[in-house]
Amino acid sequence: MNDTEIITNYIQNTPKTELHLHIEGSLEPELMFKLSKRNKIEIPFKSVDEIRSAYNFSNLDSFLKIYYQGSNVLITEEDFFDLTWEYILRCKKDNIVHTEIFFDPQSHTERGIEFNTIINGIYGALKKANAEFNITSKIIMCFLRHLDEEPCFEILNQALKHKDKIIAVGLDSSERGNPPKKFKNLFETAIKEGFLTVAHAGEEGPPEYIWDSLKLLKVKRIDHGVQCLKDNKLVDLLKKNQIPLTVCPLSNIKLCVFDKLENHNLKKMLDKELRVMVNSDDPAYFGGYLNSNLVETSKALNLGLEDVKILIKNSFKSSFLDEKSKNIWLSKI
Ligand code: ADE
Ligand code: ZN
């Protein structure tokens with residue numbers, strides 16, 4: 001076996017966790033088409049191929065437009081169950097043993113879908129994943145940062161009834177122009193209610209958004225964070241405190257954060273001993289689930305087996321699993 005084959009085999013055979021996955025971003029065109037028919041929801045595409053060929057993005061906002069449009073086919077609890085179950089089957093294939101998934105309730109409640117419908121569908125599939133495949137999971141509820149802070153409190157209120165199912169709140173959607181400070185009060189309330197916090201920051205936005213996510217939103221992890229290398233003081237802090245950065249390489253290429261995978265800064269971040277790991281973000285839109293992200297990135301950046309091990313270990317270390325479970329998995333890598 002050559003080095004590439006050794007790394008590819010290692011990635012396939014090693015138990016892994018994923019910490020940055022939007023469940024709505026795992027909606028494959030085939031299921032989108034099926035649900036549009038089942039629910040009689042019109043989509044502006046005539047075929048699965050036509051959907052796929054529309055996936056050319058120039059930045060985050062150009063993607064989000066298509067992503068929210070795709071989510072419109074999700075109506076019933078069964079739809080949310082089916083969506084989540086399809087992702088779980090991918091987890092099984094990729095040997096993901098623990099996953100922490102985001103959902104965007106506001107992209108559904110704004111269309112008149114009940115919060116309970118969404119969470120019960122997702123949770124039902126995750127319970128089945130645990131019973132049938134021993135895959136464990138956590139759910140993170142994201143607020144859409146392009147919306148105002150005020151209506152988010154109502155969503156937080158709804159989440160209180162499902163505290164047993166939701167471990168943390170996060171912040172996603174259009175980053176530029178929607179700084180973390182806009183949601184300071186909301187996150188303060190969420191923390192008081194017992195939720196952990198995470199936030200997308202430094203995907204397209206400046207290092208300042210990473211600073212503010214840490215200081216104002218008290219996040220346990222930064223989602224993406226790739227813009228941090230522009231600020232040496234920030235890098236020092238991220239390294240010293242081993243703040244997890246949930247990097248998503250194929251996403252960054254599809255959304256033109258870097259021009260090509262060979263120019264991604266993941267290896268530089270690893271060399272600076274930052275707590276980075278690899279994730280798939282919205283795999284149905286970005287052309288690859290977790291193992292593809294790991295394999296393609298390893299090839300493009302010439303990562304060695306030790307680098308890949310560190311990435312996988314970092315992911316377990318940064319998960320919201322209890323310490324005992326983390327240690328059991330870490331001992332297997
Ligand atoms: N929602 C889904 N994917 C996202 C991303 N990559 N950045 C911000 N919000 C998102
Ligand atoms: Zn994301």
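Me: Which conventions apply here?
Reply: Residues are numbered from 1 along each chain as its sequence is written, and chains are lettered from A and ligands numbered from 1 in the order in which they are written. This is a predicted model, in which local features need pLDDT of at least 70, side-chain atom pairs count only at pLDDT 80 or more, and totals for chains, interfaces and linings use all residues, while side-chain values use heavy atoms, with hydrogens and water left out.

Me: Which elements give two or more residues to the lining of the largest pocket?
Reply: On a 1 Å grid over the protein atoms alone, a pocket is an open set of points with protein on both sides within 12 Å along at least five of seven lines, a cavity is a set where a 1.4 Å probe fits but cannot get out, and lining residues have an atom within 4 Å of a point. The largest pocket holds about 270 Å³ of space (grid points are joined across faces, edges and corners, and the volume is the space filled by probe spheres set on the points). Of its 16 lining residues, Y123, T136, S137, K138 and D164 are the closest to the centre. With helices (H or I, at least four residues) and strands (E, at least two) taken as DSSP runs numbered from the N terminus, the elements that give two or more residues to this lining are α7 (115-133), β3 (136-144) and β4 (166-172).

Me: Which element supplies the largest share of the lining of the second largest pocket?
Reply: About 160 Å³ of space lies in the second largest pocket, and its lining includes D3, I7, V295 and K299. At least two lining residues come from each of α1 (3-13) and α15 (290-301). The largest share, five residues, comes from α1.

Me: How do the residues lining the largest cavity divide by class?
Reply: There are two cavities of 30 Å³ or more, and the largest has a volume of about 110 Å³. Of the 16 residues that line the largest cavity, H22, L60, F63, L64 and D282 are the closest to its centre, and helix α4 (residues 60-71) gives the largest share of the lining, five residues. Counting Ala, Val, Leu, Ile, Met, Phe, Trp, Tyr, Cys and Pro as nonpolar, Asp, Glu, Lys and Arg as charged, and the others, Gly among them, as polar, the lining has seven nonpolar, four polar and five charged residues.

Me: Which element gives the most to the lining of the second largest cavity?
Reply: The second largest cavity has about 50 Å³ of space, and K16, M277, L294 and L311 are among the residues that line it. The element that gives the most, with three residues, is α16.

Me: How are α16 and α17 oriented to each other?
Reply: The axes of helix α16 (residues 305-318) and helix α17 (residues 323-331) come within 9 Å and cross at roughly 170 degrees, where axes are lines fitted to C-alpha atoms, for helices over the stretch in contact, and angles run from 0 to 180 degrees between N-to-C directions. In their contact (heavy atoms within 4.5 Å), K313, F316 and K317 of α16 meet K326, W329 and L330 of α17. Angles under 35 degrees count as roughly parallel, over 145 as roughly antiparallel, 65 to 115 as roughly perpendicular and the rest as oblique; α16 and α17 are therefore roughly antiparallel.
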